[in-house]
Amino acid sequence: MGKALNRIKSQLAQLDKENKWEDLDRDGVIDLLIYEEIKAASYELDYEGVGRMVDFLIKEGEKLK
């Protein structure tokens, strides 16, 4: 779960560095990144693991917004 959050933060940092926010909605981008991490995890984790990841990433994603 921590790795997924780090990937999200890294992608946000890259967008910050490139100053790409003019045409993007930050909250929408964060939601999309969370969705992609959950989708990827669904191939690797069982139902309960995905549920824990969803809870974790939603909570942490709100902090990033």
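Predicted model: local features only at pLDDT ≥ 70, side-chain atom pairs only at ≥ 80, totals over all residues.

Buried here means under 20% relative accessible area, exposed means over 50%, and partly exposed is in between, using a 1.4 Å probe and protein chains only. With that in hand, look at Asp 55, which sits in helix H3 and is exposed, with a relative accessible area of 53%.

Residues are numbered from 1 along each chain as its sequence is written, and side-chain values use heavy atoms, with hydrogens and water left out.

Now zoom out. The chain has 3 helices and 0 strands, so read it as α-α-α from the N terminus on; helices (H or I, at least four residues) and strands (E, at least two) are DSSP runs, numbered from the N terminus. The C-alpha trace spans about 40 × 15 × 15 Å along its principal axes. Of the 65 residues, 29% count as buried. Taking contact to mean heavy atoms within 4.5 Å, and looking at contacts between residues at least 6 apart in sequence, 57% join residues at least 24 apart.

How do the helices meet? Two packed helices are described by the angle between their axes and the distance between the axes. The axes are lines fitted to C-alpha atoms, for helices over the stretch in contact, with angles running from 0 to 180 degrees between N-to-C directions. The axes of H1 and H3 come within 10 Å and cross at roughly 30°. That makes H1 roughly parallel to H3, since angles under 35 degrees count as roughly parallel, over 145 as roughly antiparallel, 65 to 115 as roughly perpendicular and the rest as oblique. On the H1 side, Gly 2, Ala 4, Leu 5, Ile 8, Lys 9 and Leu 12 meet Met 53, Phe 56, Leu 57, Glu 60 and Leu 64 of H3.

H1 and H2 also have axes that come within 10 Å, this time crossing at roughly 145°. Their contact includes Ala 4, Arg 7, Ile 8 and Leu 12 from H1, with Val 29, Ile 34 and Glu 37 among the residues from H2.

That brings us to the core. A nonpolar core is a set of buried Ala, Val, Leu, Ile, Met, Phe, Trp, Tyr and Cys residues joined through side-chain atoms within 4.5 Å. The largest one has 15 residues, and those with the most contacts inside it are Ile 8, Leu 12, Val 29, Ile 34 and Leu 57. H1 (2-18), H2 (26-41) and H3 (47-64) each supply at least two of its residues, with H2 giving the most, 6. Beyond its neighbours within four places in sequence, Val 29 is in contact with Leu 12, Leu 15, Trp 21 and Leu 24.

Finally, is Glu 37 buried or exposed? This residue of H2 is buried, with a relative accessible area of 11%. Leaving aside neighbours within four places in sequence, Glu 37 is in contact with Ala 4, Arg 7, Ile 8, Met 53 and Leu 57.
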